[in-house]
Amino acid sequence: MNNIHTPAVDYRLPPDRVPETITENLTDVERTSLIDRISGLLKRENAVVVAHYYTDPDLQRLADETGGYVSDSLDMARFGNESEASTLVVCGVRFMGETAKILNPEKRVLMPDLEATCSLDIGCPADQFSAFCDQYPDRRVVVYANTSAAVKARADWMVTSGSAVDVVRHLQTQGEKLIWAPDMYLGDYVKTQTGADMVLWQGSCIVHEEFKGAELQALKQQHPDAMVLVHPESPASVIQHADLVGSTTAVINAVKEMAAKKFIVATDRGIFYKMRQAAPDKEFIEAPTAGKSATCKSCAHCPWMAMNSLDKLAHALEHGKNEIHVGMDIIERARVPIKRLLDFSRQENQEIYGNNDA
Ligand code: SF4
């Protein structure tokens with residue numbers, strides 16, 4: 001029985017609302033000078049850089065080399081919690097800065113660019129989502145990490161891509177029917193894996209949505225020795241060709257652990273920086289976003305992640321700009337679904353950190 005109740009509204013972002021992907025072009029001298037400046041500012045401000053896997057390699061390298069951290073969003077927030085630094089400079093997108101603030105309300109959280117957001121976050125406005133939830137008072141509300149603090153504050157559970165199937169299965173055994181938001185593809189994947197009764201919000205990640213199943217199949221035929229790694233924010237037509245479906249951390253671990261020497265990777269190409277560190281002798285190929293059915297504007301690199309740059313980071317740190325503020329009322333409510341996930345993971349003896357979201 002098909003138990004997906006499709007709401008009428010399509011909340012996927014139209015291409016004209018997707019910004020161009022602009023990357024920072026620096027000479028070696030400019031890069032070195034900026035890194036020296038930032039290193040000094042980090043000490044002056046008692047700050048650390050926490051960067052997401054999808055940001056520019058320069059930022060990931062900077063985080064690695066200055067005592068910061070590179071990971072997925074929940075793990076970034078966890079690192080921020082354990083760090084003795086009083087300022088966290090979050091290189092990623094806005095919901096990651098908000099999650100860091102929710103878990104570390106006493107710390108200052110800065111971002112290189114507050115306009116750096118996410119199509120899943122934009123496509124799930126808190127007021128509309130709350131009204132949607134009100135239509136299904138008998139359902140528990142499960143939201144993906146890629147949502148605003150205000151949406152998390154309306155939820156019962158927050159999940160990551162690494163934990164979503166286990167949490168939904170757990171709720172299913174308790175006889176719960178669910179509302180899922182905002183990624184319709186990840187929701188569909190979780191529903192397929194669990195058979196749970198889920199009403200799906202119709203949002204999408206504009207990066208993963210653009211991977212193409214038919215072209216991936218053709219690429220796989222050209223490289224029969226390659227393993228295909230797919231993030232579950234991708235459409236089912238792409239997932240069906242995967243040798244492994246997993247979170248960012250799971251696909252990085254896979255390149256270390258699998259015997260294959262070649263991988264076709266369907267997620268943001270920013271992840272290649274860590275993959276090459278993890279398995280320097282292996283080959284990585286971008287999964288296709290082009291071909292006959294090409295419509296992409298993002299083409300395997302998130303335009304909002306690309307808004308983070310060394311220059312903007314230096315500016316934010318030097319002048320204390322781009323601070324994330326979240327009201328205490330929202331922090332207290334948003335912490336509840338996040339804590340449920342953390343407690344669940346501890347009880348299940350799962351390593352939640354480093355096994356998470358996009
Ligand atoms: S890659 Fe997709 S899910 Fe991640 S921040 Fe960009 S738009 Fe959002």
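**Notebook: core and helix packing**

I began with Leu229, which touches Ala242, Leu244, Val251, Ala254, Phe263, Val265 and Ala266, leaving aside residues up to four places away in sequence; two residues are in contact if their C-beta atoms, placed from the backbone, lie within 7 Å. I noted that this is a predicted model, in which local features need pLDDT of at least 70 and side-chain atom pairs count only at pLDDT 80 or more, while totals for chains, interfaces and linings use all residues. Residues are numbered from 1 along each chain as its sequence is written.

I then looked up the largest nonpolar core, which has 110 residues, and found Leu229 listed with Val89, Val90 and Val142 as those with the most contacts inside it. Such a core is a set of buried Ala, Val, Leu, Ile, Met, Phe, Trp, Tyr and Cys residues joined through C-beta atoms within 7 Å, and a residue is buried if 20 or more other C-beta atoms lie within 10 Å of its own, exposed if 12 or fewer, and partly exposed in between.

Next I turned to helix H3 (residues 73–82), where eight of the 10 residues are buried; helices (H or I, at least four residues) and strands (E, at least two) are DSSP runs, numbered from the N terminus. The buried residues of H3 pack against strands E1 (47–52), E2 (69–71) and E3 (87–91) and against helix H4 (94–103).

I asked myself how many residues of helix H9 (residues 184–194) are buried. Eight of its 11 are, so H9 is largely enclosed by the rest of the structure, and its cover includes strands E5 (140–144), E7 (178–181) and E8 (198–200) as well as helices H8 (164–173) and H11 (236–239). Just after H9, I found Gly195 with a positive phi of about 75 degrees.

For H8 and H9, I recorded axes that come within 10 Å and cross at roughly 55 degrees, the axes being lines fitted to C-alpha atoms over the stretch in contact, with angles from 0 to 180 degrees between N-to-C directions. H8 and H9 are therefore oblique to each other, since angles under 35 degrees count as roughly parallel, over 145 as roughly antiparallel, 65 to 115 as roughly perpendicular and the rest as oblique. The contact is made by Ala164, Val165, Val168, Arg169 and Gln172 of H8 and by Leu186, Val190, Gln193 and Thr194 of H9.

Last, I checked helix H1 (residues 28–44) and helix H14 (residues 310–319), which pack at about 25 degrees with their axes 10 Å apart; they are therefore roughly parallel to each other.
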